[in-house]
Amino acid sequence: MNLLLRNLGFRVIQWLNFIGRSGYFFVQMVVKSSWYRGFTQDVYKQIYQLGFQSLGIITVSALFIGLVLSLQGIHTLEKFGALSQLGPMIALSILREMGPVISALLFSGRACSALTAEIGLLKASDQLDALKMMGIDPIVRVIIPRFWSGVIGLPLLNILFCAVAIVGGYWYCTHQMMLDSGMFWANTQNAVSWELDIKNGIIKSIVFAVLLLWIALYQGLNCTPTANGISKATTRTVVLGALCVLGSDFILTALMIGDW
Amino acid sequence: MNKTLIDIQQVTLSYGEKHIFSNLNIQIPKGKIIAILGPSGCGKTSFLRLISQLIFATEGHIYFEGTDLTSLSEAKMQDFRRKMGFMFQSNALFTDLNVYENIAYPIRVHSNLPEDLIRSITLMKLHMVGLRGAYLKMPHELSGGMARRVALARSLALDPCLMLYDEPFTGQDPIGMRVLLNLVKRFNDCLNMTSIIVSHDVDEVCQIADYVILFEAGQILAQGTPDELKNSEHVKVNQFMKGRLEGEMPFHYPAQSYYKDLLDEPVAP
């Protein structure tokens, strides 16, 4: 019993320690966010690596999701004679949920895992200590450009994801299933609201980006600087990232759904 | 009497139960080359990292030109680190930058110099280590010896007054080692620096060192000029300086008896 309590206490202290350290890290990232000579260039470079290089996986995934959603929608809505609502169904489910969530999950697997591994390797090869020895704060020069580029990049990827998925869905139901194109767009336009659907989707995407980048950079910076340590940190980034995206999606949806 | 650059007072460094240093007292005089010797795992690299505050002492004070580094905030410590150059055992070159950018980077960050002046300074640093012609190479294109020299040039980029060398001669061929020895000595004398060299190459480092400190298990076993230590009567000092196999300096990590380990019931690791 005594041992059980001691173990439990140890776990709680470890958890609180983790919360405190990661919270402090986040505050540092925000407080130290400063514009230095070359900041914009660093952010552009990272947007290219994190965002532009994720375009392939985002576009192809979005296309298939749009196609599948269209296919499923036709077969379900047909039973109720509600095919005219196919456009709104595709657009709303993509804009409100699938776009932000799936683009965030793909971004986590494609870019955030690479980010953790990169920071971990910088640490393992003493490059972060080398920066410190030059009087350069690694948080400012390494972490912050990556953080902001992710926060800018993921919402843009989300917008692209939504556009491609809706166009994919449109193409399937009008060109393959011969539904009326005008009806698709007219009903979609009537159902989709900028304020409630598009803007909320982008807000979700920004929140996911902050969470994912926070997790990825913290895990990279605090990993054990060995091959095994980096591998574990990368896994933690993807697992924690996915859980945080899905968990925070529920909270955000609960907050936003009152308006819908 | 030389002025003291670094004064280490009653420094203790522990990781949990494990003590790396306890109550360490060392004075590093200005302008000298100090060699830190000792068997593997005795805390030599930790000593360099303590001075540069990459790790923090559990107790005690480290004074650099009279300023207590242990009481400084991280932001102020960054300013002090600009006075120190650190040549890492792993070289720690930025792998995404070429040789030129590796050296120009700290200059560019810390100065408002025009780009053509930064270029001149960078090429001068590279010329000092004989690698001006390799300025466009990426770190992975360099041999071990060349990477070492680039790391040396980069650690000198901000003209530090203290140079910390962590195993600078590891993996060097005899010519490369001779080149590095000459460079370390020449830079120390010409640029009026103080150098602390952690090394296992006793004979080579003793050729250029003014003073040698020999560590054993986190304590100073002996200190003095290279000749004093080479001629020491102390059994362990003598064994280490001459690289003798037999003696009191242990090769094995502390363990229970070999007999017990082999014949007793195996214990799950």
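The cut-offs, using a 1.4 Å probe and protein chains only, are under 20% relative accessible area for buried, over 50% for exposed, and partly exposed in between.

Quick housekeeping. This is a predicted model, so local features need pLDDT of at least 70 and side-chain atom pairs count only at pLDDT 80 or more, while totals for chains, interfaces and linings use all residues. Residues are numbered from 1 along each chain as its sequence is written, chains are lettered from A and ligands numbered from 1 in the order in which they are written, and side-chain values use heavy atoms, with hydrogens and water left out.

Back to B:E115. Its partner in a salt bridge is B:R108, with the closest N and O atoms 2.8 Å apart. By salt bridge I mean a side-chain nitrogen of Lys or Arg within 4 Å of a carboxyl oxygen of Asp or Glu. B:R108 is partly exposed too, at 22%.

Now, where do the chains touch? Contact means heavy atoms within 4.5 Å, and here chain B brings 24 residues and chain A brings 15 residues. About 1700 Å² is buried between them, with carbon and sulfur atoms giving 56% of that. Buried area is the accessible area (1.4 Å probe) that two parts lose on being put together, summed over both. On the chain B side, B:Q78, B:F94 and B:Y105 lose the most area to chain A, together 26% of what that side buries.

How many salt bridges link chain B and chain A? The count is 3. In one salt bridge, A:K45 pairs with B:D96, at 3.5 Å between the closest N and O atoms. In another salt bridge, B:R49 meets A:D129 at 2.7 Å, N to O. That pair runs from helix α1 (residues 44-51) of chain B to helix α5 (residues 127-133) of chain A. Helices here are DSSP runs (H or I, at least four residues), numbered from the N terminus. Both B:R49 and A:D129 are buried.

One last pair, within chain B: B:K185 and B:D189 form a salt bridge at 3.6 Å. They are separated by about one helical turn, because they sit 4 residues apart in helix α6 (residues 174-190) of chain B. Over all chains, the count comes to 17 salt bridges.

Notes: Helix = DSSP H or I, 4+ residues; strand = E, 2+ residues; numbered from the N terminus.
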